[in-house]
Amino acid sequence: MSPLGGDRAPLAVSGVGLVSAAGGGFDRLAATLREGSDCVRRITHTRSSDLPIDTGGEIPDEVLATADAPSSRAARIARTAIEEAIADANRGDLPLDTSRTGLALGTVFGAIEEWEREPPDERERNPIDALARQLEESLPIRGPKSVFSMACTSGLCACEQAAFDLELGRAEAMVVSAVDTLGRVMQSGFCAMGSLGHRNPASASERGLVLGEAASAVVLEPLERVRGRGRRPRALLVAERLASDGLSTSAPDRSGNAMARAIARTLEDGGVAPEALGAITVTAAASPASAEMLQNALTLALGDALARVPITSFEPAIGHVLAATSVLVLAHASWLLERNAVTPVVELASGRVTSGPTSLPLEHPSVLALSVGLGGHNGVQLVVGASEPG
Amino acid sequence: MTLRCRLTGAWCPWPLEPGAIGVSLDEQALVVPEAFPGRFSPLRGFPEVFEPLPLVSGTALLRSGLWRPGSGAVVSGGLVVGIDRLFVEPMLRFAAQVQGRYGHAVSPMTFVESHPSTIPTFLGMLYGLSDYQTTVVRGGISGGLALSHAVDALRTQRLERVLVVGASGDRDGGRLATALCLDTGLSDGPGLEVAIERASAGRDGGETADLLLAIAAWAGRPEPSVLTVSSTDELLDETVGFVLERQGTGAVEGSSLQ
């Protein structure tokens, strides 16, 4: 089995960027996670008062106010997150060569909030093309470009293309970004599916998903190249797999069989035993169906080792951020590895932050990141500390 | 870098136009809701929004020997879909449903159908495809980039077999769908053995067409031995191209232009 990135492996995370309900920058989310607070509130930028659930992780107005240029909300936050990730990656002796840097993008609905209101000529295409065009015109990236829409695992598919582009020599660095906004279409759709809960799962007794909007970005480069630029890598992405249930267009397979298969293959590809996992970061765990699926999958794949691995999630703070999840899990995993701590600790069975300590030591420098997509798509990524050879 | 694989393909327009499609009437009769026991209710028709993707996908898999109508068995392999507008109509329909006050008229099924990812999800459900799946959306080169993603996955040994599906549509509901099955695990068997290589990013010349359709149609003819094909999106100013060379004689039965 060829490693992710082939003979250019391991691939390093050299920069991260985020715009979320916590504010602009990954540090704002990190502070919110450390405090154990949340940013879920009534949605105000779009009409929501008539919806059964009108709360979510909405990006503060002041963040958008400083993000000028591209016309759509999605493109503005994505550009801000990408610029942060590039600036972070450039904290070395040599900057990224933008002529040899590509962009792989993931999104569910792209610029749908504005596209709905566009004149018919503009609507000839689709809101995903609209997002890509606005974003690419405003960025100096000149390498290969691609766009994937695979529900909340879209970012993982973008990572897959980024790994291809690096391995096959089309680029020296790849920005992987994923974005979705919390407009009326998105919030109404999840309301209609009966998937949403009333309050932040960190503090409420009621269960159900809380949506959030976000743009996440990471820069992926071959480790050797990052070191050659004089940049200290944040973490290494050593393996990833996606497996699909193939059973339903909406509900996850609660048995967790496909997710268990993806976990087992990822660990095998990465050469990490279940006993050597330091943490597992999960998404969509506030949904009872997803939590049951994740619990069953982890039990199947990890066996007795599961009891010793702390589980974490950024979602109690900012909600389930749709396509942005499967890139944000990489940034979250990198942060856990750099701090050598698991924050916050969540209880998968209840979807809550535990009542005891919300931070535990990271006992092994490897984090398994799980993401789930509507229709039973199960993404798994294995991130290890940068001091590890992978 | 050249990839050698076996290829089968199928294509057809929607609404179906008898006598002008790349699947035979016999094949059409096989890819029906009754052919998916345990996977799809024979009492329901395929959702109109996905037509004719089940037909072209089933025909390509049938020609490859990987799927048998009525078996309900799992087909091992990846699935990469490239689309431009197929999800737009349900998306607009759902957006209209939520324009007024939220109520019972808001359909969760319309919301699900407006996700580009629901197309591979639906095909995966029919054919039991449970490996890696994705949807590529990039204007007029979505199909070409879907093929490129699939070829990358095969070349880097992330996958051994991929079903690549492309669909382009117009605002009046007209559609053209193509499916190609690429397999690196078989040295012989059904289909055509080909060498496939992505051409350079510039405008390479050769045939400019709906890329997947051109490949499926070429596979159905005994010649020429080499196909150079590209597609371009003017708005993005981007071109994707491929060179394919057949490694033997013969053709994929039924997929030629008629």
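**Exercise 1. Describe how chain B meets chain A.**

Solution. Start with the count: 56 residues of chain B touch 63 residues of chain A, contact being heavy atoms within 4.5 Å. This is a predicted model, in which local features need pLDDT of at least 70, side-chain atom pairs count only at pLDDT 80 or more, and totals for chains, interfaces and linings use all residues. Residues are numbered from 1 along each chain as its sequence is written, chains are lettered from A in the order in which they are written, and side-chain values use heavy atoms, without hydrogens and water.

Next, take the area. About 5000 Å² is buried between the two chains, with 59% from carbon and sulfur atoms; buried area is the accessible area (1.4 Å probe) that two parts lose on being put together, summed over both. B:Tyr102, B:Phe111 and B:Arg158 supply 16% of the area that chain B buries against chain A, more than any other three residues.

Finally, look at charges. The interface has 4 salt bridges (a side-chain nitrogen of Lys or Arg within 4 Å of a carboxyl oxygen of Asp or Glu). B:Arg158 joins A:Glu160 in a salt bridge, at 2.7 Å from N to O.

**Exercise 2. Classify the ring pair of A:Phe109 and B:Phe111.**

Solution. Let's recall the rule: rings of Phe, Tyr and Trp (its six-membered ring) pair if their centres lie within 6.5 Å; planes under 30 degrees apart are stacked, over 60 edge-to-face, and the rest tilted. There are 12 aromatic pairs over all chains. For A:Phe109 and B:Phe111 the centres are 6.0 Å apart and the planes at 75°, so the pair is edge-to-face. The pair crosses between chains, from the loop between β5 (101-107) and α4 (112-115) of chain A to helix α4 (residues 108-113) of chain B; helices (H or I, at least four residues) and strands (E, at least two) are DSSP runs, numbered from the N terminus.

Now check burial, where buried means under 20% relative accessible area, exposed over 50% and partly exposed in between (1.4 Å probe, protein chains only). A:Phe109 is buried at 1%, and B:Phe111 is buried at 0%.

For practice, compare B:Phe40 and B:Phe46: with centres 5.4 Å apart and 40° between the planes, this pair is tilted. Both residues are buried.

**Exercise 3. Find what the buried residues of α9(A) pack against.**

Solution. First list the buried residues of α9(A), among them A:Met259, A:Ile263 and A:Leu267. Then trace their partners in chain A: β9 (235-244), α10 (288-302), β16 (366-373) and β17 (377-385).
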